[in-house]
Amino acid sequence: MTDEDTKRRIYQVVSMIPPGRVATYGQVAELAGLSRAARLVGTTMSRLPKDTQLPWHRVINSQGRLSLPPDSPGYARQKDRLQREGVEFIGERLSLRQFRWQP
DNA sequence: TTCGTGACGTGCA
DNA sequence: GTGCACGCCACGA
């Protein structure tokens, strides 16, 4: 597969995550057929165009935390969007057991 | 072409 | 809970 296909697969998986649910980078990687390339998913998210319609905010790390610098504008945006969808934060964390997307 | 750099994950101290 | 080493993979210098 080409790199472009890889990106498209990642986009497609992310677009399937329903509102109020979250998926981990590793989970997205696995569903996209890149089981051990969680890092690649993160890198791809960081390169998304600012006007993308992808629900990138529903992708977090395996510890139930956001993987952006806590003082960055993106961090606040992601947390706010998730809370508006009903995701409950406990401090800077959320319960993966409760909100993790299970296809 | 090789090397360093990440929105990561897992295992272990 | 925290930190570290490795493994993964695309990308730019």
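The residues of the surface near DNA strand C divide into two nonpolar, no polar and six charged, where Ala, Val, Leu, Ile, Met, Phe, Trp, Tyr, Cys and Pro count as nonpolar, Asp, Glu, Lys and Arg as charged, and the others, Gly among them, as polar. This is a predicted model, in which local features need pLDDT of at least 70 and side-chain atom pairs count only at pLDDT 80 or more, while totals for chains, interfaces and linings use all residues. Residues are numbered from 1 along each chain as its sequence is written, chains are lettered from A and ligands numbered from 1 in the order in which they are written, and side-chain values use heavy atoms, with hydrogens and water left out.

**The surface near DNA strand C**

- The residues that surround DNA strand C are Asp3, Lys7, Arg36, Ala37, Arg39, Leu40, Arg47 and Arg93, a residue being near a strand if one of its heavy atoms lies within 4 Å of it.
- The elements that give two or more residues to this surface are helix 1 and helix 3; helices (H or I, at least four residues) and strands (E, at least two) are DSSP runs, numbered from the N terminus.
- Sugar or phosphate accounts for 89% of the atoms of DNA strand C within 4 Å of the protein, and bases for the rest.
- A polar backbone atom of arginine 36 lies 3.0 Å from a sugar or linking oxygen of DNA strand C, where a polar contact is a pair of N or O atoms within 3.5 Å; within protein, one must be able to donate a hydrogen and the other to accept it, and residues adjacent in sequence count only if both atoms are side-chain atoms.

**The surface near DNA strand B**

- DNA strand B is surrounded by 15 residues, of which the closest are Tyr25, Arg39, Ser46, Trp56 and Ser67.
- These residues divide into five nonpolar, nine polar and one charged.
- Helix 2 and helix 3 each supply at least two residues of this surface, and the largest share, six residues, comes from helix 3.
- Of the atoms of DNA strand B within 4 Å of the protein, 48% belong to sugar or phosphate, the rest being base atoms.
- A base nitrogen of DNA strand B is 2.9 Å from a polar side-chain atom of tyrosine 25.

**Helix 1**

- The 13 residues of helix 1 (residues 3-15) should span 18 Å at 1.5 Å a residue, and its end C-alpha atoms are 18 Å apart, which agrees; the expected span is 1.5 Å times one less than the number of residues.
- Thr6, Ile10, Val13 and Val14 are buried in helix 1, where buried means under 20% relative accessible area, exposed over 50%, and partly exposed in between (1.4 Å probe, protein chains only).
- Seen down the axis of helix 1, these buried residues fall within an arc of 100°, so they line one face of the helix; the arc is that of the directions from the helix axis to the C-beta atoms.
- The face of helix 1 turned away from its buried side carries the exposed residues Arg8 and Gln12.
- The cover over the buried residues of helix 1 includes helix 2 (25-31), helix 3 (38-46) and strand 2 (59-60), contact meaning heavy atoms within 4.5 Å.

**Helix 4 and its buried residues**

- Helix 4 has 12 residues and reaches 17 Å from its first C-alpha to its last, close to the 16 Å expected at 1.5 Å a residue.
- Gly74, Tyr75, Gln78, Lys79 and Leu82 are buried in helix 4.
- They cover an arc of only 130° around the axis, which puts them on the same side of helix 4.
- These buried residues pack against strand 2, strand 3 (89-90) and strand 4 (93-94), whereas the face turned away from them carries the exposed residues Pro73 and Arg84.
- Tyrosine 75 has a relative accessible area of 6% and, not counting residues up to four places away in sequence, touches Leu66, Leu68, Pro69, Pro70 and Glu92.
- Lysine 79 counts as buried at 16% relative accessibility and, leaving aside its neighbours within four places in sequence, is in contact with Leu66, Phe89, Gly91 and Glu92.
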